[in-house]
Amino acid sequence: MPHNEMSVSMNSSESAMGEGRRAMASAGAQELGRHLSMALYAQPPPQGFRITALRGFSQRFRPKLGLSTQGMASREIKSHEDFSETPARLGGSPESFRRKKLGIHFIESDDRRTAIGGGYVGGTTPVNIRGKPITDLSKTGGWMAAFFIFGNEMAERMAYFGLSVNMVAFMFYIMHRPFSSSANAVNNFLGISQASSVLGGFLADAYLGRYWTIAIFTTIYLVGLTGITLAATMNIFVPNQDQCDQFSLLIGTCEPAKPWQMFYLYSVLYVTGFGAAGIRPCVSSFGADQFDERSIDYKSHLDRFFNFFYLSVTIGAIVAFTMVVYIQMQYGWGSAFGSLAIAMGISNMVFFIGTPLYRHRLPGGSPLTRVAQVLVAAFRKRNASFSSSELVGLYEVPGKHSAIKGSGKIAHTDDFRCLDKAALQLKEDSADPSPWRLCTVTQVEEVKILWKLLPIPSCTIMLSVILTEFLTLSVQQAYTLNTHMGHLKLPVTCMPVFPGLSIFLILSLYYSIFVPLSRRITGHPHGASQLQRVGIGLAVSILSVAWAGIFERYRRNYAIKQGYEANFLAAMPNLSAYWLLIQYCLIGIAEVFCIVGLLEFLYQEAPDAMRSIGSAYAAVAGGLGCFAASILNSIIKSITGNPNKGRPSWLSQNINTGRFDYLYWVLTVLSVVNFCAFLFSAQRYKYRTEQGMEMGEQIGTNKTSTPVEGN
């Protein structure tokens, strides 16, 4: 019977029930338990069903069906007092009875105040820039708003990759720093620009919102780029270049940069990296916010959005590796870095022009405070028992909205049961308890989700290590190789453009080739799940770094045989640099599958009010990979090199006497171990949608299996 018809039939006379009273008793009890649990877990009931109908049904017919009305006024789902089943009736042992699912204790209280501050626009309702609900969504958001956001990310990545490649050469040729220290300085810049994303994500989710976080940090980014441009333009910021030819660079007799000059360069470089803190975690999430979660095409739009988003990242990288390098060769370092600042300034203008079109999410208050409240409350009740007679239920606010601004309710799960004690309501708790003593179920589940997400992005740190090593070490390799393509000679710093081109090609063919083929194998509507795509990327990265080790061994042996052992800046005419394209293209494929899948995974799985922090997980993993690459390089240099015995390290400035191939093989072994760890983590992970369905089925089973005693 449709539920709208049921509400009408319940208002008819009692005689209309007739012989169907007993049948309706069973069906009504089942429907009551199922739909009430759906309401409490913020899952929409079937069309036509209304909570008011449930209440009317409860008040009028519950006594006639032999059901108690006790506890309905406080909207309970079987508080501990009312749960009278014995272990025998549940069909299990006393131990299984004590460890029964905590979902049966889920209780809502009308007295609960919001955990963080005052009133809010409930759920994930989009608002305008003034924080007011958007009444007509058709005039905002969608692809038009997303394209304004793409421009900002494109310019940021253009600057990011432009600096990552050109800054190594700038420090070596202009600031007269060794390749190794230049590479470490750039690695630190890359690490700061990504690891500091935690701060940007925190500010966006807690106080500023994603729009204002992007606006503030893009301005900081622009200030840093302007400072770098001044360093490359004004002679006062660089050492004397007189009598510093290539031979002087080789033997290290050029005048070194003064300490204050390096301090200035490092300062503006790291300010630029810090500016990325508010861009990385927010741009992808802010772009995804422009799509309506209630649309039937939402998942399809989200899947395409993250592919287009990474396409914009790739276009920025391609421009950095081609046009910026060309400007540097033709017009100098100042013009090259100045072009990055101009591009960032233009993208900022475009971003602000699109302001009237954007949909915003309200910041939900400090996520760190909410996490701390859960930990403190769980610790305070660490000795409380789930089977105690003092137990009232698990605490949650009434209605479909949570107490956290910008967040819907999250269904209770059985993971990390120790944290559930933070939401354990006891009889001793007051009617208006402190959130430092009693937290809502949603608040507890937020902490669980953040913890459960950690292993997946952690497994992508290894990919970032490989990408970082390729960006710096492969440039040194390319200097020893022939970069001619017919009569065209490509600059060495243009070589990293090929991963970008492979990414561009893959993303262009993704929906026309990969998705149809993989859909036949996996049966997944999008070809592969998010975690499957991450796994594919990690597997391909192993092939990439393994090939890099094979080719580097061949290149080094060839250089020694041909007499180039001492001259590591001279190109060998008979060995083409385009052998590097194999490792470049493979790492490009790995990046597409891994990073795009990871961004989509984190956005969809993160709590509503913590999506910027969820996206920051990916950036932090990238930053940790950069730092890990620097640490690994330092360890290898200290262990493998011995100047007193004349033994060069694996990462010697003279690549022909070093052993880069050994480093690549170490990375290969570490990547294999990392891939095994990912497979273990991915196999154990359950998507939130799957958990919600399982919990709904379990609660429905618990409710319907309870015998209904009639008169």
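Residues are numbered from 1 along each chain as its sequence is written. Because the model is predicted, local features need pLDDT of at least 70 and side-chain atom pairs pLDDT 80 or more, while totals for chains, interfaces and linings use all residues; side-chain values use heavy atoms, without hydrogens or water.

Helix α10 has 17 residues and spans 24 Å from its first C-alpha to its last, close to the 24 Å expected at 1.5 Å a residue (that is, 1.5 Å times one less than the number of residues). Its buried residues are Gln 261, Met 262, Leu 265, Val 268, Leu 269, Thr 272, Gly 273 and Gly 275. Here buried means under 20% relative accessible area, exposed over 50%, and partly exposed in between, with a 1.4 Å probe and protein chains only. Viewed down the axis of α10, the buried residues fall within an arc of 165°, so they line one face of the helix (the arc is taken from the directions from the helix axis to the C-beta atoms). They pack against α6, α7 and α8, contact being heavy atoms within 4.5 Å. On the face turned away from the buried side, α10 carries the exposed residues Pro 259 and Phe 263.

I turn now to two buried residues. Lys 448, in helix α16, has a relative accessible area of 0%. Beyond residues up to four places away in sequence, Lys 448 touches His 412, Thr 413, Asp 415, Phe 416, Leu 419 and Asp 420. Asp 661, in helix α23, is likewise buried, at 0%. With neighbours within four places set aside, Asp 661 contacts Gly 549, Glu 552 and Arg 553.

Finally, the salt bridges, of which the count is 16; each is a side-chain nitrogen of Lys or Arg within 4 Å of a carboxyl oxygen of Asp or Glu. Which residue forms a salt bridge with Arg 280? The partner is Glu 156, with the closest N and O atoms 3.2 Å apart. This pair links distant parts of the chain, Arg 280 in helix α11 and Glu 156 in helix α6, 124 residues apart. Both Arg 280 and Glu 156 are buried.

Asp 303 and Arg 533 also meet in a salt bridge, at 3.4 Å from N to O. Asp 303 lies in helix α12 and Arg 533 in helix α20, so the pair ties together parts 230 residues apart in sequence.

Notes: Helix = DSSP H or I, 4+ residues; strand = E, 2+ residues; numbered from the N terminus.
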